[in-house]
Amino acid sequence: MADLINIKFPDGKSSKIEKGLNGHDIAKQISMSLSKAAIAFKVNGEILDLSRTIEDDSEIQILTKDNSDALDIIRHDCAHVMAEAVQILFPGTQVTIGPSIENGFYYDFARKEPFTTNDFKKIEKKMVEIINKNENFVREEWSKEKAIKFFTKKGENYKVELINDLPKNEVITIYKQGEWLDLCRGPHMPSTKHIGKSFKLMKVAGAYWRGDSSNIMLTRIYGTAWRNDQELKDYLHQLEEAEKRDHRKLGREMDLFHFQEEAPGAVFWHPKGWSLFQSLINYMRDRQDKENYVETNTPDMMDKSLWEKSGHWEKFGENMFTTEAKEEKIFAIKPMNCPGAVEIYKQGLKSYRDLPLRMSEFGKVHRYEPSGALHGLMRVRAFTQDDAHIFCTEDQITSESKKVCDLILSIYKDFGFNDVRIKYSDRPEKRVGDDEVWDKSEQALKDAMEATDLEYSLNPGEGAFYGPKLEFVLRDAIGRDWQCGTLQVDLNLPGRLGATFVDEDGQKKTPVMLHRALFGSLERFTGILIEHYAGHLPIWLSPVQVVIATITSDTDDYGYEVLNKMKSEKIRVEIDTRNEKIGYKIREHSNLKVPAILAIGKKEAEEQTVSVRRLGSQESKVYKLDEFIKSLKNETLNKN
RNA sequence: GCCGCAGUAACUCAGGGGUAGAGUAAUUCAUUGGUAAUGAAUAAGCCGGCAGUUCGAUUCUGCCCUGUGGCACCA
């Protein structure tokens with residue numbers, strides 16, 4: 001009689017089975033339909049091919065396409081099939097790596113001629129052929145020597161390199177589908193037909209071998225794959241919706257800003273965009289005032305020597321703009337505001353009684369970003385930070401950090417960002433400052449972070465050389481993550497630039513400096529807001545809050561009366577007296593995302609009312625003019 | 001910076017070795033109207049820049065610029 005082992009299922013039931021059965025067998029014992037639907041199984045938390053056998057007591061879960069883990073496997077299988085298709089169609093192409101990723105998969109190929117999207121149809125067709133052949137995914141274990149020999153002979157130099165880097169006695173696993181095979185850790189589904197046809201190749205891109213820019217560039221093909229056609233369709237639809245929110249498109253349509261060739265990576269803010277930008281600054285200024293910040297402003301250009309002293313030149317000199325006047329001095333355009341802040345701090349003797357000193361600056365900085373990195377407002381070469389530097393004692397780091405965290409979350413809430421997470425980075429290998437102070441700063445940030453009750457992740461060793469940091473990542477209305485705020489402890493710069501304070505004991509000491517930005521880059525934050533709101537800015541941010549649309553020219557006078565009254569109440573209002581029908585005006589201003597359109601005709605003029613149509617609503621409501629102004633002002637003050 | 005793709009009217013885009021096309025917007029005229037497009041007419045372009053091939057280049061080739069999708073980078 002064969003040995004029996006215990007297996008336990010997720011529902012808590014357990015049973016005894018013969019030792020050495022594989023996933024297929026186990027699924028079959030449960031039901032035929034399950035065995036047909038099974039694509040893999042989870043053994044003690046690890047996902048394995050159904051062909052793997054169970055030798056010991058285990059917790060087991062049979063996976064079907066309905067499980068959340070399934071997509072990963074489908075996509076990984078799809079990557080293999082794509083690689084086979086490519087190698088059939090384009091002999092001589094070498095394969096490298098091809099993982100599943102969020103929403104899909106990719107495979108990196110080495111080929112003299114890069115692929116183009118014109119090749120996609122052919123490749124997709126071949127993939128369908130392979131899937132229809134329903135080849136089994138067969139797992140084999142090879143010795144390292146065998147694998148190296150095989151792939152060397154095949155001319156797959158990248159695979160050989162990968163295998164060479166594996167530990168000496170590592171068992172190499174190979175997955176075969178028909179004639180084609182790949183070095184792969186698995187797991188895979190039983191056969192190619194399980195992949196189905198709900199996949200699509202999306203784009204080609206260059207990608208460095210092993211992600212290192214000093215290596216050769218490979219051609220990457222991205223694809224997406226789903227359980228069924230509906231999921232694929234939904235995903236493609238979601239992409240289209242995201243495209244409609246693109247801040248570059250909306251920025252043009254709403255007449256907010258533009259870019260042009262002469263100033264790559266620098267924004268031309270149009271009146272409406274600048275209004276939005278200023279609203280954000282005013283808002284932040286107001287919030288910071290309440291937290292006892294003082295606002296400063298520092299020079300845009302300072303002698304190179306200051307940047308050498310601060311250490312920026314050595315580290316980032318390559319990415320700084322410089323300029324020369326007729327004298328010999330070289331001026332650097334500031335890439336950061338902090339050295340300027342320290343220089344202000346240094347004016348006059350500071351006492352411990354002056355600390356913490358919270359100095360803010362809406363500083364415009366310039367950084368020579370690599371050309372390929374530029375992207376609308378999201379990545380520019382000239383941007384404005386809502387920066388602040390908090391000079392404090394070591395003992396104040398914790399309380400100040402907590403205050404920053406509270407402020408940041410409260411501010412994000414006002415924009416409807418309720419899903420925020422934190423990334424915490426602690427000391428890197430190369431660093432300045434005593435370990436004792438690092439201990440203190442790291443603990444301070446950690447305490448502050450934990451007090452927020454937010455989800456956080458740790459990035460060990462990823463801190464700046466001068467101190468640990470927190471980064472705040474917010475999730476927008478369609479689930480995309482944006483890193484915005486940052487809080488960094490700086491144990492370096494104040495000392496480097498000679499900032500001191502006189503402590504209680506009469507001794508001169510070096511203060512600690514906290515760098516913090518909440519929006520981060522105003523430009524980028526504006527872009528994020530445009531996409532987050534899909535252009536439908538809340539009324540307190542909207543550049544034009546109200547448009548008055550007259551129905552006939554007879555009512556222009558009353559229209560202007562309304563306009564002036566609203567203007568005197570500081571409402572951002574425009575009037576449209578053009579010779580157009582009211583439907584046309586409604587449509588146009590709706591497309592421009594104006595939050596409130598007031599239609600004004602004879603009736604309104606007679607009764608001193610306005611007929612208000614709010615953006616997104618099909619209906620209009622009639623208000624007494626004064627009442628409407630009052631409610632509007634009220635709404636503008638309430639940010640949510 | 002690297003790989004791919006793109007650049008034609010204000011915008012969105014079609015075209016293609018031989019005088020440049022559409023829709024929307026603009027301008028003018030008529031129309032004064034009640035909540036997502038009133039009608040007609042007119043005007044509008046160094047076809048991103050510089051070279052080359054050609055009798056002739058917006059079209060083909062090369063280089064550059066800018067944008068774009070990725071990769072790398074992001075104090």
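In this predicted model, the axes of helix α9 and helix α13 (residues 397-414) come within 12 Å of each other and cross at roughly 145 degrees. The crossing of α9 and α13 is right-handed. On the α9 side, the contact is made by Tyr283, Met284 and Arg287; α13 contributes Leu407, Ser410, Ile411 and Asp414. By class, the residues of this contact divide into four nonpolar, one polar and two charged.

Helix α13 has 18 residues. From its first C-alpha to its last, α13 reaches 26 Å, close to the 26 Å expected at 1.5 Å a residue. Several residues of α13 that take part in the contact with α9 are also buried, among them Leu407, Ile411 and Asp414. Elsewhere in α13, the buried residues include Ile397, Glu400, Ser401, Val404, Cys405, Ile408, Leu409 and Tyr412. After α13 comes Gly416, whose phi is positive, near 80 degrees.

Turning back to α9, this helix spans residues 271-290 and holds Ser279. Is Ser279 buried or exposed? Its relative accessible area is 11%, and because buried means under 20%, Ser279 counts as buried. Which residues does Ser279 contact, leaving aside its neighbours within four places in sequence? With those neighbours set aside, Ser279 is in contact with Trp540, Leu541 and Arg572.

Definitions and conventions:
Residues are numbered from 1 along each chain as its sequence is written. Chains are lettered from A and ligands numbered from 1 in the order in which they are written. This is a predicted model: local features need pLDDT of at least 70, side-chain atom pairs count only at pLDDT 80 or more; totals for chains, interfaces and linings use all residues. Side-chain values use heavy atoms; hydrogens and water are left out. Helices (H or I, at least four residues) and strands (E, at least two) are DSSP runs, numbered from the N terminus. Buried means under 20% relative accessible area, exposed over 50%, partly exposed in between (1.4 Å probe, protein chains only). Contact means heavy atoms within 4.5 Å. Axes are lines fitted to C-alpha atoms, for helices over the stretch in contact, and angles run from 0 to 180 degrees between N-to-C directions. A crossing is left-handed if the near helix is turned anticlockwise from the far one by less than a right angle, and right-handed if clockwise. Ala, Val, Leu, Ile, Met, Phe, Trp, Tyr, Cys and Pro count as nonpolar, Asp, Glu, Lys and Arg as charged, and the others, Gly among them, as polar. The expected span of a helix is 1.5 Å times one less than its number of residues.
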